[in-house]
Amino acid sequence: MWTALLVLVVVAISVFVVSRFFSTRNMPQAGSAAPDFSLPSQDGTPISLKDYRGKWVVLYFYPKDFTSGCTVEAHNFQRDQVEFAARNAVILGVSLDDPDSHRRFCAKEGLNFKLLADTSHHVSKIYGSLMNFGVAQISARNTFLIDPQGRIARAFANVNPARHSAEVLSAIDAL
């Protein structure tokens with residue numbers, strides 16, 4: 001019995017690790033043009049990457065509204081909004097949740113930056129950030145720092161939500 005349980009746990013962990021590996025295989029690389037997109041935000045307004053030319057864009061993918069890691073990451077980006085604005089940078093969060101979920105998440109957590117609803121999974125996929133989580137798909141916790149000319153300046157894979165906002169601010173400063 002214990003052997004079967006151990007085998008099941010090892011298989012589950014292996015599937016998780018392999019899916020995370022494959023989710024980042026096709027990430028756009030630094031120096032490449034950032035794939036353009038248009039997605040609805042929490043207020044239903046369509047947001048396009050091209051609308052932010054001339055600014056740094058922090059395009060961060062996260063698994064799910066209302067989950068602990070995603071909430072920590074969003075709070076830290078919110079806390080650092082003034083610092084990002086001082087660097088001519090905007091924050092755009094992307095998950096597979098719908099606009100209504102994003103609206104409720106923003107209201108509950110006091111978020112005032114745009115969260116984008118990738119319900120078709122297309123944008124997460126073209127950014128190499130779509131992963132399988134059991135039988136469901138979610139956005140992997142990846143971030144793309146896009147320069148004012150629309151090119152990927154830096155790609156971050158499998159980030160730590162507690163430290164990530166500060167990490168992105170440092171990256172902008174270094175560039």
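This is a predicted model: local features need pLDDT of at least 70, side-chain atom pairs count only at pLDDT 80 or more; totals for chains, interfaces and linings use all residues.
Modeller: Local features here need pLDDT of at least 70 and side-chain atom pairs 80 or more, while totals for chains, interfaces and linings use all residues. Residues are numbered from 1 along each chain as its sequence is written, and side-chain values use heavy atoms, without hydrogens and water.

Colleague: Which residues of α4 are called buried?

Modeller: S101, H102, F105, C106 and E109. Buried means under 20% relative accessible area, exposed over 50%, and partly exposed in between (1.4 Å probe, protein chains only).

Colleague: Why are they said to lie on the same side of α4?

Modeller: Because they cover an arc of only 130° around the axis. The arc is taken from the directions from the helix axis to the C-beta atoms. A107 and K108, on the other side, are exposed.

Colleague: What covers the buried residues of α4?

Modeller: The cover includes α2 (68-79), β4 (89-95) and β5 (114-117). Contact means heavy atoms within 4.5 Å.

Colleague: What is found at the start of α4?

Modeller: A side-chain oxygen of D98 comes to within 3.2 Å of the backbone nitrogen of D100. After α4 comes G110, with a positive phi near 70°.

Colleague: How much of the protein chain is buried?

Modeller: Buried residues are 47% of its 175 residues.

Key. Helices (H or I, at least four residues) and strands (E, at least two) are DSSP runs, numbered from the N terminus. A polar contact is a pair of N or O atoms within 3.5 Å; within protein, one must be able to donate a hydrogen and the other to accept it, and residues adjacent in sequence count only if both atoms are side-chain atoms.
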